[in-house]
Amino acid sequence: MPSPNTICLSDPQQTLCSLPIHTGSMGPEVIDVQTLYKETGKFTYDPGFNSTASCRSQITFIDGEEGVLLYRGYPIEQLAETSHFLEVCYLLLHGDLPTPEAQKAFEHDITMHTMVHDQLTNFFKGFRRDAHPMAIMVGVVGALSAFYHEALDIRSKADREMAAIRLIAKVPTIAAMCHKYSTGMPFMYPQNQLGYAENFLRMMHATPCDHYAANPVLVQALDRILILHADHEQNASTSTVRVAGSSGANPYACVAAGIACLWGAAHGGANESVLHMLRTIGDSSRIPEFLAKAKDKNDPFRLMGFGHRVYKNFDPRAKLMRKTCHEVLDALDLHDSALFKLAIELEQIALEDEYFNSRKLYPNVDFYSGIVLHALGIPTNMFTALFAMGRTVGWIAHWDEMISDPEHRIARPRQLYTGPGRRNVPGFQPS
Ligand code: ACO
């Protein structure tokens, strides 16, 4: 008999092997298949890693069936109501909310690293003015590795912490520079007396000619957007950062890989796609036509901002984002915005539709974040760059966790080969 925490794999003739089962603090148990190949000569097959836990992690917990998201045990709803983004960064990096002193020191460290090396500004000049900000972000964040490589020892906790601080501090500066470059306007330096979100809005919207004061409601909305995007356990971009980092690569280069992955429309690019979709639909009379396209398997169109790999219930972040959306539109007196009305109508019709209902397709965080960012005056092509700003802390927290994990090995999946068998090149003469 197998022990209660093992499982036997057998074919009709015989028991093939017994595999250990691990129990986490929450969530489903996992079958440990590390010895499977050695014992059976077989691999597992799991495209898209739907059933595969790639690591142990203590950072974020999601229950997709119940719509639960916890950062280090704290519900996202509570953090979004009571915390600021930098407190959440500290929590994700260190495992606990900061004391007032630790918070002050952390904010000081971030503030002191918001400026980028002056030499980095030269990189921008190599890009076309109409380049997508995410294309520039991939290049420029990756280029940080050229500035901080020799002195960085990834086995040193202090060096890893410094990389985390630099990335959290500099990514907003770089994101705002991407925007300024594309509009032909001068880069705005960060200002140390401003908070994280306010500083970013100023670097985005201010010019050297005018005084700029950000609306506090908008500052709070941006801070909340960053909290909601800060981490999401082993999502595609975080897994990318982990895979890149598993070889011992420079963390700035690994985060650039995460940014590249995030850019895709099925991931972080969805908030940009939602706005394009709403503009294309244009009017509520055309909603049925677009819902029919979304359901048609021969049509590549999908309802952007709907569906999620993990949430098969409402995305808890979408609820909070919808609330933020109302607050921002109230503050700006934009409640009659045609785009917002169209989004509400589309959401209602889709939620009542059998196709979306039966597949448990609900609005995800990006359905509303696009509308909020639009109201904040953020250009559509910058939406995913803002997602990257929020997610940077998650990426680097996971990278740090991976490097510190004694079980970590270079990521090297296997495959089910379906190509040609061995054959000779025409004309090859064996010697
Ligand atoms: N519109 C129409 N149909 C959809 C949608 C959609 N947005 N999403 C899923 N479906 C359908 C699929 O066609 C499939 O139908 P079938 O069972 O008849 O074949 C079924 O729902 C299950 O979908 P999967 O593709 O298995 O779902 P998966 O978990 O692989 O994909 C994903 C999740 C990529 C998010 C998908 O729902 C999607 O493309 N959504 C739109 C893009 C989007 O909003 N992405 C943001 C994700 S959140 C984030 O990254 C922060």
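The bend at a residue is the angle between axes fitted to the seven residues ending there and the seven starting there. This is a predicted model, in which local features need pLDDT of at least 70, side-chain atom pairs count only at pLDDT 80 or more, and totals for chains, interfaces and linings use all residues. Residues are numbered from 1 along each chain as its sequence is written, and side-chain values use heavy atoms, leaving out hydrogens and water.

**View 1. Helix α18 bends by about 45° at R391.** Helices are DSSP runs of H or I with at least four residues, strands are runs of E with at least two, and both are numbered from the N terminus. α18 covers residues 383-404, 22 residues in total. From first C-alpha to last, α18 reaches 32 Å, close to the 32 Å expected at 1.5 Å a residue (1.5 Å times one less than the number of residues). Because 21 of its 22 residues are buried, α18 is largely enclosed by the rest of the structure (buried: under 20% relative accessible area, 1.4 Å probe, protein chains only).

**View 2. Three strands form an open sheet in the order β4-β5-β6.** The pairing is antiparallel; two strands pair if DSSP finds at least two bridges between them. β4 (60-63) and β6 (74-75) are the edge strands, each pairing on one side only. Strand β5 (residues 68-71) is joined to β6 by two bridges. Y71 stands opposite Y74 in β6.

**View 3. The ligand is surrounded by 22 residues.** The closest are K297, L303, G305, R309 and Y355 (a heavy atom within 4 Å counts as near). Among the polar contacts (N or O pairs within 3.5 Å), a backbone N or O atom of G305 lies 2.8 Å from a ligand oxygen atom.

How values were computed:
Buried < 20%, exposed > 50% of the residue type's maximum accessible area, 1.4 Å probe, protein only. Polar contact = N/O pair within 3.5 Å; in protein donor to acceptor, adjacent residues only side chain to side chain.
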